[in-house]
Amino acid sequence: MKPRPPHRLILTTPVHFWAFGFGSGLAPVAPGTFGSLVGLIVYALVGWLPRELFWALIAVGFLFGLYVCGASARMLRVHDDPGIVWDEIVGILIALIPLNMAIPQMFGPLPIWAWALITFVWFRVFDILKPWPIRWIDRHVDGGTGIMLDDALAGVYAALLTVLTGWPVAWIAGLFG
C-alpha cells in the first residue's frame, strides 16, 4: 500500500486541496465519509437554491471534479487515492437532489435534515459496497472520469432509494396523521 501523501502537500497545492475536499480527505479513517459530511455542509449552504441552479452547481462540480480528481491522482501516481473526496462531495449532492425538489407528499412528516441523514447513509452504503456497475466503473475507468463517475452513480442509487423510502413513510404517516 502506498503511503499517505503529506498533509502539507495536500493543503498547499490547490489541485490537491480541492480534490481532498478542503482537507477532509486527510482524515485518518474513513476519508470518504468525512468528504460526504463536507457534502452535507455544502448542501446546507446551497440546498435551498432553485432546482435548476442547484443542478447546474452539481454539473459544474462534476466537471470541475473530472479535472481536479484526475490531476491529483496523476500527481500522486495512483488510480484513486482514498483521500480524494471531491467525488464524494458531488456524489452526495446528487443523492440529495430529491430533497432539493422538496416534494412534501414524497417525504411525509420527517424534517428535511432527517431525510438528509437517511440519504447520507444510503449514499455511504452504495459508495462502500459498490454494486454493479459502480464497482466495474471503479476498476476499469481511469482518471478523473472513473473517480467521479462511480460516486455520481452511487449518488443516483441513493437518490432513488431515498425516494422509494420516502413514499411508504409518507403513506404510513398519512394513515396515522
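This is a predicted model: local features need pLDDT of at least 70, side-chain atom pairs count only at pLDDT 80 or more; totals for chains, interfaces and linings use all residues.
Local features need pLDDT of at least 70 and side-chain atom pairs count only at pLDDT 80 or more, while totals for chains, interfaces and linings use all residues. Residues are numbered from 1 along each chain as its sequence is written, and side-chain values use heavy atoms, with hydrogens and water left out.

View 1. Rings of Phe, Tyr and Trp (its six-membered ring) pair if their centres lie within 6.5 Å; planes under 30 degrees apart count as stacked, over 60 as edge-to-face and the rest as tilted. That rule gives eight aromatic pairs. In one of them, F17 and F22 sit edge-to-face, with ring centres 5.8 Å apart and planes at 70°.

View 2. Y43 is buried at 10% relative accessibility, and F54 is buried at 0% (buried means under 20% relative accessible area, exposed over 50%, partly exposed in between; 1.4 Å probe, protein chains only).

**View 3. D81 in its loop.** Look for D81 between α4 (51-76) and α5 (86-95) (helices are DSSP runs of H or I, at least four residues, numbered from the N terminus). D81 counts as buried, with 9% relative accessibility. A polar atom of its side chain lies 2.7 Å from the backbone nitrogen of G83. Beyond neighbours within four places in sequence, D81 is in contact (heavy atoms within 4.5 Å) with R4, P5, F20 and L76.

Terms used. Helices (H or I, at least four residues) and strands (E, at least two) are DSSP runs, numbered from the N terminus. A polar contact is a pair of N or O atoms within 3.5 Å; within protein, one must be able to donate a hydrogen and the other to accept it, and residues adjacent in sequence count only if both atoms are side-chain atoms.
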